[in-house]
Amino acid sequence: MSTQGMPSLDPRPTGMTIGTYDTYREAQRAVDYLSDEKFPVEHTTIVGNNLRQVEKITGRLTWGRALTGGLASGAWFGLFVGILLGLFTSNGGWLAALLTGVVLGAIFGMAFGAIGYAQLGGRRDFTSRTAVVATTYDVLCDHKFAEEARNHLAKLALKGEVAPRLPEQSS
């Protein structure tokens, strides 16, 4: 059985580097420019290099924040349940179902927020957001299209919009 014409199942990126950029937005703009120039962009890949997990601390976690967060998330879930129950009630009982769902959801949310915070035992008294970021982004292109792609990206750099990083010189 022949696999010609079938897309590769190998997830590793292949091709020549046609540009290296400091941000994903710049790499994306480069590929967008190639698309605007009617370049066959299906032969390009954006690859993030030197991935790092970054955790941005957003604040202190206290009993008040734990209870308030639990209350809010529980109330939203209770609202959802109340709406669903309200759809299946008759005689105008939908408002009672809605309010009951919100109140019970808030109570249970606060309880679960308190239990979760108590289980931490003071080991993680902060809130945070986590992201995976790259230090640079390479735009790769299949070998047979690489020269054409580089020519297009050189025009983009001359416009002053997005310029690739210069290769590091080894001494």
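Student: Which residues does D138 touch, not counting residues up to four places away in sequence?

Tutor: The model is a predicted one. In it, D138 touches T17, G19, T20, T45, I46, V47 and N49, with residues up to four places away in sequence left out. D138 itself lies in strand β5.

Student: Why does D138 count as buried?

Tutor: Its relative accessibility is 14%, and buried means under 20%. D138 therefore counts as buried.

Student: What joins the side chains of D138 and T20?

Tutor: A polar contact of 2.7 Å joins them; the cut-off for such a pair of N or O atoms is 3.5 Å. T20 also stands opposite D138 in the strand pairing.

Student: How do you know that β1 and β5 pair, and in which sense?

Tutor: Pairing requires at least two bridges. β1 and β5 have five bridges, in the antiparallel sense. Strand β2, residues 44–49, is joined to β5 by six bridges, and these two strands also run antiparallel. On that side V47 stands opposite D138.

Student: What makes β5 a mostly covered strand?

Tutor: Six of its six residues are buried. In a regular strand the side chains alternate between the two faces of the sheet.

Student: Which residues have the most contacts inside the largest nonpolar core?

Tutor: They are I18, Y21 and L153, in a core of 18 residues. At least two residues of this core come from each of β1 (16–21), α1 (24–36), β5 (136–141) and α4 (143–158). L153 touches I18, Y21, A30 and L34, again leaving out residues up to four places away in sequence.

Student: How do you know that the length of α4 agrees with a helix of 16 residues?

Tutor: At 1.5 Å a residue, the 16 residues of α4 should span 22 Å, and the end C-alpha atoms are 23 Å apart, so the two values agree. The buried residues of α4 are F145, A146, A149, H152, L153 and L156. These buried residues pack against β1, α1 and β5. After α4 comes G160, whose phi is positive, near 80°.

Student: How many aromatic pairs are counted?

Tutor: The count comes to four aromatic pairs. In one of them, the rings of Y24 and Y137 have centres 5.7 Å apart and planes at 70°. Centres must lie within 6.5 Å, and planes over 60 degrees apart count as edge-to-face, so this pair is edge-to-face. The pair links distant parts of the chain, with Y24 in helix α1 and Y137 in strand β5, 113 residues apart.

Student: Are the two partners, Y24 and Y137, buried or partly exposed?

Tutor: Y24 has a relative accessible area of 41% and is therefore partly exposed. Y137 is at 15% relative accessibility and so counts as buried.

Student: What makes the pair of W63 and Y117 edge-to-face?

Tutor: The centres are 4.7 Å apart and the planes are at 75°, against a limit of over 60 degrees for edge-to-face. W63 belongs to helix α2 (residues 63–87) and Y117 to helix α3 (residues 94–120), 54 residues apart. W63, at 46% relative accessible area, is partly exposed, whereas Y117, at 11%, is buried.

Student: Why is N50 called exposed?

Tutor: Its relative accessible area is 56%, and exposed means over 50%; N50 is therefore exposed. N50 is placed in the loop between β2 and β3 (52–60). Its phi, near 50°, is positive as well.

Technical notes:
Residues numbered from 1 in each chain as written. Heavy atoms only, no water. Core = buried A, V, L, I, M, F, W, Y, C linked by side-chain atoms within 4.5 Å. Buried < 20%, exposed > 50% of the residue type's maximum accessible area, 1.4 Å probe, protein only. Helix = DSSP H or I, 4+ residues; strand = E, 2+ residues; numbered from the N terminus. Contact = heavy atoms within 4.5 Å. Expected span 1.5 Å × (residues − 1). Polar contact = N/O pair within 3.5 Å; in protein donor to acceptor, adjacent residues only side chain to side chain. Phe/Tyr/Trp six-rings, centres within 6.5 Å; stacked < 30°, edge-to-face > 60°.
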